[in-house]
Amino acid sequence: MTELSIIILSYNTKDLLDSCLRSVLKNSKGQNFEIIVVDNASTDKSVTMVKTKYPNVKIIKSKKNLGFSAGNNLGLSKAIGKNILFLNSDTRVYGNSLYIMLKCLQSGGDIGILGPRLINPDQSVQKSVGSFYSISNVALMLFGGGRLGILRGSPEKFTIVDWVSGSCMMIKRSVFDKVGLWDENLFMYMEEVELCYRAKQGGVQTGFCPDAVVEHKQLGSSQDGREQAIINIYKGLIYFYQKYYSRQQFSALMFLLKTKAFLAKLLGIIAGNNELINTYDQALRLFI
């Protein structure tokens, strides 16, 4: 069996995808890998580019944009690797990071999910490791605690963590056999948190490997921008709490989300910030 299947999900990111594929191929020579591109109904000739420049890359073309979870599940259904790397098209792999991640994942114990250190294009470090969203953590995230680095970080050494960024995750195939596939009720955002949470419930640990480095252009693979990112995070949190938390905790979450949306919209009105008004007006509509 192939040691590693690399699944790259793409939606209208032809140039970014080209750069990502070049970095993967450059840094995986001689390895027993396969590469699968799942195209989420792109209209920018991404498929033609892959077929022309990378004939050995498998490509799956969806007839519609399936989103993150369903798109990755489609790729997983065609993958033959013992381990699966889910990689955003807005990433670039550095050096022997894939080999380092694979060896780390195979080092033993209950580790079944692994994330690398993510860096920005300017080489600054991204905070790509997070804590699960308890009510107190949601409150911190919504009302400024996230800016203080309380909920997210990038440890200096190998660490067992709650969750790692979905832009680059290496997962043992056996994890999916044990806890199930990506949850397709989540279209974009919160998917990695839900999967890592479900995996932890099943006795699977998530690790962070800072010796492996991957560049990530944040929001590069998203066509929706910050406004829809916020709305999808709201939707993801609501779904996550409905699935895993008590009725009382869900009620507390809804209160926090409504309060943040109301205050943010009010601030937008005072400041004359139409983007803020429109974003949180959409968020408030989720509670009607």
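**A pocket, a helix and a covered strand**

Let's start at the second largest pocket, which is lined by Leu25, Ser28, Gln31, Phe33, Glu34, Ile35, Lys53, Tyr54, Pro55, Asn56 and Val57. A pocket here is an open set of points on a 1 Å grid over the protein atoms alone, where a 1.4 Å probe fits, with protein on both sides within 12 Å along at least five of seven lines; lining residues have an atom within 4 Å of a point. The model is a predicted one, in which local features need pLDDT of at least 70 and side-chain atom pairs count only at pLDDT 80 or more, while totals for chains, interfaces and linings use all residues. Residues are numbered from 1 along each chain as its sequence is written, and side-chain values use heavy atoms, without hydrogens and water.

The volume of this pocket is about 160 Å³, taken as the space filled by probe spheres set on the points. Strand 2 (residues 33–39) gives the largest share of the lining, three residues. Strands are DSSP runs of E, at least two residues long, and helices are runs of H or I of at least four.

Next, look at helix 4 (residues 97–105), whose buried residues are Ser97, Leu98, Met101, Leu102, Cys104 and Leu105 (buried means under 20% relative accessible area with a 1.4 Å probe, protein chains only). Viewed down the axis of helix 4, these fall within an arc of 165°, so they line one face of the helix; the arc is that of the directions from the helix axis to the C-beta atoms.

Finally, turn to strand 6 (residues 111–119), where nine of nine residues are buried. Strand 6 runs parallel to strand 12 (residues 205–216), joined by eight bridges, and Ile111 has Gln205 as its bridge partner there. With strand 11 (residues 168–172), strand 6 pairs in the antiparallel sense over two bridges; pairing requires at least two DSSP bridges. Leu114 stands opposite Met170 of strand 11.

Key. Buried means under 20% relative accessible area, exposed over 50%, partly exposed in between (1.4 Å probe, protein chains only).
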